[in-house]
Amino acid sequence: MLLALQLVALARPAYACGCGAMVVDPKTTMSVDRETSAVHWDGRTEQIVMSLTVHGDAPNAAWIMPVPHRATVKLGDRALFDELVSLVKPAEKDRTYFWPHSGDWPFRWSDGDTAAAPAPGAAGPGVGLVGRERLGPFDVARLTATDPDALRGWLTSHGFRLPPSLATGLRPYVAQHWEYVAIRLAPAEKYGFLNGTLDPLRLSFASDRLVYPMRLSRLARTPQSLGLYVLAPHRMEPRGAIGGSAPEVFFAGRIKTRGTPVSALAGTDGAFLTAIDQRFPHPERISGDHELRRAAADTPYRRVHYTDVLMKVGGVPAWILVVGGVLLVVVIALTVRRRRRRSREATA
């Protein structure tokens, strides 16, 4: 299973967002502020649960996602994302220090606030309509296509307006005989705008490899940030950087999720979770889709958030005890030396 958390700030006309492409009327604007995706893969079937947080003045939009095989689409569970974020949060540990810092006595210069600042989801030629359904606020069309221009024409005739550059971006998927999920996004209220977090969608399709479509993101005009949360039988890793910075693992470990939204998606307990962060400062350099493979070993890793705590013994700072003890020894030594000297003088 793979959970992708992707923060994307797109300015018109940057149509790409995460593993798909967002399209709005040229006279309107919309940005995808956050994209959260959870993908489960068991070696045969892949499931992606995606939720978008959008802002702008567009009354509707279209989101296009390529998939390697025929997909089914259902509504997802919002609670899934809260659980996954909780699973990868850093461990909390205390880290003791001996000598007092500036905020400790006797170096506390003021009684002011010393808190530190917080640290910095009838078809035309060449196109086949597999199915169309209404899921909550979404109008979902599942398509096949042998010609990207035909795909663009069909979507346009049904209210999905795509730029010509997107047809070019879809061409590699057409060559590989991939299919598409086209989703019309509409506000919950009539005559409203698309704003806020949309209901999550759950896509399922057959796949003999864990792949996260990223090729369309090269159409974006602004840097992108991608978080991949991979749940599988073993630790997973990307085969390559696909034109971005080196992927960085920020969590890896086997988790227990029985009776939770994650287990409802994965269908099993004790899966291995790998969380990966990656940045794409130059989206035009994205060379393909992300494909993940099993890592050489199931090595666990977890970030640790340390809280610095002054070392104490019985509630008393250890440095005071040590310094006081040293001073006491010095005083005793000087006293003994003085007495011995007086004793020798008295017997002289």
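I looked up Arg215 to begin with, and in this predicted model I found it in the loop between strand 14 (210-212) and strand 15 (224-232). With a relative accessible area of 18%, Arg215 is buried, because the cut-off for that class is under 20%. Setting aside neighbours within four places in sequence, I listed its contacts as Gly169, Pro172, Tyr173, Gln176, Ser287, Gly288 and Asp289.

Next I turned to salt bridges, of which a search of the whole structure gave eight. Glu179 pairs with Arg70, their closest N and O atoms lying 3.2 Å apart; I noted that Glu179 is buried at 13% relative accessible area, whereas Arg70 counts as partly exposed at 48%.

I then checked Arg293 and Glu237, whose side chains meet at 3.4 Å, N to O. This pair links distant parts of the chain, with Arg293 in strand 19 (residues 290-294) and Glu237 in strand 16 (residues 236-238), 56 residues apart.

For Arg254 and Asp298 I recorded a salt bridge at 3.5 Å, N to O. Arg254 belongs to strand 17 (residues 248-254) and Asp298 to the loop between strand 19 and strand 20 (301-302), so the bridge ties together parts 44 residues apart in sequence.

Last, I looked at the surface. Arg337, Arg338, Arg339, Arg340, Arg341, Arg342 and Arg344 gather there in a patch of positive charge; of these I placed Arg339 in helix 5 (residues 318-347), exposed at 62% relative accessibility. A nonpolar patch of about 450 Å² is made by Trp105, Val313, Val316, Ile320 and Leu321.

Key:
Residues numbered from 1 in each chain as written. Predicted model: local features only at pLDDT ≥ 70, side-chain atom pairs only at ≥ 80, totals over all residues. Heavy atoms only, no water. Patch = residues over 30% accessible without salt bridge, like charges linked within 9 Å, V, L, I, M, F, W, Y side chains within 5 Å. Areas by Shrake-Rupley, 256 points an atom, 1.4 Å probe, with all protein chains shown as cover. Salt bridge = Lys/Arg side-chain N within 4 Å of Asp/Glu carboxyl O. Lys, Arg positive; Asp, Glu negative; His and termini not counted. Charge placed at Lys NZ, Arg CZ, Asp CG, Glu CD. Helix = DSSP H or I, 4+ residues; strand = E, 2+ residues; numbered from the N terminus. Buried < 20%, exposed > 50% of the residue type's maximum accessible area, 1.4 Å probe, protein only. Contact = heavy atoms within 4.5 Å.
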